[in-house]
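Student: I have a structure to work through. Can you take my questions one at a time?

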Amino acid sequence: MEDHNIIQLYFDRDEKAIEASGQKYGNYCFYIANNILQNVQDSQECVNDTWLNAWNSIPPTRPNCLKLFFAKITRNLSINRYNNKKSKQAGCYTEALNELNGIISGNDATQDEAECNRLRQSINTFLASVSPRDCNVFIKRYFFFEPISVISDHYGISANNVHKILSRVRMQLKQYLQKEGYTL
Amino acid sequence: MTSNQFNKILNGIDDNLILQAEKAVITPMKKRNKHIFSFGLIAASIVLVAALILLDLVPQGGSHSFDAGPVASSTNQQETPQQSQSATQSVQGHPSKLPTAAPTANPTRDLYPTDSTQAPIAGATQGLTPGRPTAKPTIWPEPPISATQAAPSTTMAPNKPNDAPPMPSYTQGNGEGYTQITENPFIEVNKTPTSYFSIDANTASYPNLRSLINKGYSIPKDAVRIEEMLNYFSYDYQTPNDSLLALNASLFDTPYNRNTKLLTIGLATKEVQFDSVKNNLVFLIDVSGSMMSDDKLPLVQQAFSMLAKNLNPEDRVSIVTYASGDKVALDGAYGYETKKIIGVIEDLFASGSTAGSRGIQTAYEIASKYFIKDGNNRVILATDGDFNVGITSTSELETFISQKRQSGIYFSVFGVGRGNIQSSIMETLALNGNGTYSYIDSVDEAKRALVDQIGGSMVTVAKDVKASITFDPKYVSSYRLIGYENKSLTQEEFEDTNTDAGELGSGHTVTLVYELELTDNALSNLDYLAHVAVRYKSVQGEEQPELKMGITGGAYHENLTDTDKFVSAVVEFGLLLRDSQYKQDASFSSLIQRIDGVNFNDELKQEFVALVKKYVQNIK
């Protein structure tokens with residue numbers, strides 16, 4: 001089923017929307033959730049919650065890209081679930097968090113929404129300025145939380161090279177954000 | 001800010017950047033090229049050293065003497081193992097050539113458990129749900145324009161101006177085979193009021209034609225199967241509520257013949273989710289040397305990799321290859337072992353002949369080994385048309401596949417590439433195996449067949465589907481079934497419950513088109529035009545209640561719906577490509593005019609419009 005048809009089902013409040021979403025994007029969302037949670041049951045629950053969340057958001061929201069709309073919901077829900085878990089499973093997400101610790105202070109500073117939006121804009125501007133490969137590797141690692149081995153396989157480069165690319169992009173990002181006046 | 005907060009901010013990364021990251025696909029071909037390049041460098045080094053030795057330019061010990069022996073020996077000692085290793089990894093990279101089984105080639109890279117006792121994981125490991133590529137891969141070589149091909153084609157497209165340059169014909173000098181089609185004639189209703197035929201949802205003809213047109217070739221008349229062109233597209237037919245099938249009908253003026261009407265009968269099957277059925281799939285892949293080109297094995301690899309990412313965790317997948325011999329490259333992996341499956345698929349490499357293989361027997365043995373009761377047990381052959389799979393006689397192959405069908409193992413065929421496709425044999429084999437024959441001409445088509453419409457391709461919902469249409473002589477003087485030329489049945493065959501007829505998959509829509517000559521003034525008092533009866537069995541083989549529908553005058557409408565416009569355009573295009581004796585006033589301009597600008601809300605239908613225009617450009 002085409003995305004616009006699925007969106008229409010949500011607008012029509014037709015429960016087939018959930019079924020169609022699961023059929024088309026279930027595995028995709030599960031992949032994202034499982035990269036973060038490393039737990040089949042938790043991941044499956046996050047995917048199910050994604051459809052519920054979408055059901056509550058559409059309408060009025062009409063996603064431009066349904067796939068990424070779901071991806072972002074799943075990612076958020078999975079990160080929340082991860083944070084609420086007492087025993088945290090080591091995996092790609094924890095590795096990625098550790099890597100990001102190198103560019104941020106770690107202080108639990110409360111950020112207002114406007115400030116967060118400005119930061120998002122800056123990150124997007126930065127990513128658009130680096131080479132497509134570096135940008136893609138960064139997104140695969142820190143948006144999809146893909147394992148280094150999968151990224152290295154994908155690009156036919158060594159894991160060490162992937163680490164180097166990520167390290168370089170993180171440093172560039174840190175410098176860029178500092179230059180833009182952010183205190184991370 | 002904590003890393004968690006920062007991570008949430010990353011949720012706002014621009015959609016375009018994320019999509020770009022997703023679509024950054026490195027194809028197996030590129031990886032293979034890297035290996036080939038390495039091998040090439042080593043081979044070139046060896047040749048260079050050998051040349052130096054022959055030219056007596058290599059020092060032979062001491063400052064002024066030359067001794068080719070030790071140097072050559074030393075070179076061989078250093079290069080041969082490397083060359084051998086490289087050759088194994090690249091040129092001879094087929095799993096059958098590897099000393100260790102391919103599935104364990106990268107054990108440390110397999111992130112998901114390979115132990116069946118561990119919890120299944122449904123998600124894909126390496127890639128995400130594949131998106132539509134931003135640009136079509138340029139896998140087609142330029143059409144060869146040789147002296148023989150440049151000669152005027154016997155299968156020249158219709159309406160071709162006499163002074164236009166001839167299009168290269170693909171029927172000359174290659175191994176492609178199409179069974180001759182003799183078009184159904186008009187039949188007088190007074191003499192034969194009922195038409196019987198077997199229904200299936202094969203669609204291979206359309207992608208095959210698309211491939212030929214996109215490459216600029218002329219179209220062999222017998223490659224044009226109008227019913228397969230029609231059934232390639234989906235239509236908004238009413239879907240069944242309680243039964244497995246539902247019928248729809250429409251009657252309208254034939255756009256290309258003012259004296260006839262077109263009656264379309266749409267059949268829609270119940271949609272069964274692919275993940276509601278347990279699958280035991282055996283990929284039987286031709287890895288002979290002829291499969292080397294980009295539109296063959298690399299395309300099969302991409303297609304099956306997509307399928308692997310959409311398997312259910314409990315599904316079983318095996319891979320059998322055939323070339324000089326047959327090889328079980330993957331033995332009963334679980335659906336959640338996505339990375340393992342894709343790893344084996346990517347390691348396949350085309351080389352050698354197909355003599356001596358017993359691939360099909362091995363494939364069925366593996367399918368039996370992992371047989372799932374009430375599941376979808378299926379051998380899926382992917383080939384460019386080389387059927388040296390162990391049984392060389394086509395009739396024996398048909399018998400073998402038919403026997404296996406009785407045991408619940410079905411057979412589907414995916415054809416790829418150009419030059420050797422045997423459409424009629426592939427279709428017959430699929431029919432005997434209760435499966436479908438599909439032609440894969442691009443990554444997009446692979447995605448359509450194996451991801452978007454996986455239920456239709458893999459899950460059979462109705463078996464032995466047969467139809468009879470009985471026309472009322474009071475209103476219809478003659479009729480002509482468009483397409484289905486090789487699927488007609490006799491009344492006895494229709495009534496015999498043991499007759500093997502076509503199969504329909506989940507969510508399929510099938511369109512039957514009749515051209516009718518109505519009696520005088522029929523439209524003014526049109527009452528009961530025809531009676532449709534469809535007989536079929538459930539996938540378990542139980543005879544289902546006959547599906548009946550009466551077509552009344554209410555089916556007629558003067559203004560064509562968008563579906564009517566599209567269906568009639570496909571028919572008209574098919575008739576023009578075939579240079580049919582029934583094309584009457586058909587013309588490319590009128591059919592383009594009819595469908596151009598209609599918002600079909602369907603990429604494939606829009607692509608059809610563009611394809612017709614491209615064909616018109618080709619023949620200008």
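Student: How much accessible surface does chain B have, and what share belongs to carbon and sulfur atoms?
Tutor: This is a predicted model, where local features need pLDDT of at least 70, side-chain atom pairs count only at pLDDT 80 or more, and totals for chains, interfaces and linings use all residues. Areas come from the Shrake-Rupley method with a 1.4 Å probe. For chain B the accessible surface is about 24700 Å², and the carbon and sulfur share is 50%.

Student: What percentage of chain B counts as buried?
Tutor: Buried means under 20% relative accessible area (1.4 Å probe, protein chains only). Chain B has 620 residues. The buried part is 57%.

Student: Is Val130(A) buried or exposed?
Tutor: Residues are numbered from 1 along each chain as its sequence is written. Val130(A) lies in the loop between helix H6 (113–129) and helix H7 (132–142) of chain A; helices are DSSP runs (H or I, at least four residues). Its relative accessibility is 13%, so Val130(A) counts as buried.

Student: Which residues does Val130(A) contact, leaving aside its neighbours within four places in sequence?
Tutor: Contact means heavy atoms within 4.5 Å. Val130(A) and Gln172(A) are 42 residues apart in sequence, yet 9.2 Å apart in space, C-alpha to C-alpha. The contacts of Val130(A) are Cys135(A) and Gln172(A).

Student: At what angle do helix H1 and helix H4 of chain A pack?
Tutor: H1 covers residues 3–11 and H4 residues 66–84 of chain A. Their axes, lines fitted to C-alpha atoms over the stretch in contact, are 10 Å apart. The angle is about 60°.

How values were computed:
Chains are lettered from A and ligands numbered from 1 in the order in which they are written. Side-chain values use heavy atoms; hydrogens and water are left out. Axes are lines fitted to C-alpha atoms, for helices over the stretch in contact, and angles run from 0 to 180 degrees between N-to-C directions. Helices (H or I, at least four residues) and strands (E, at least two) are DSSP runs, numbered from the N terminus. Buried means under 20% relative accessible area, exposed over 50%, partly exposed in between (1.4 Å probe, protein chains only).
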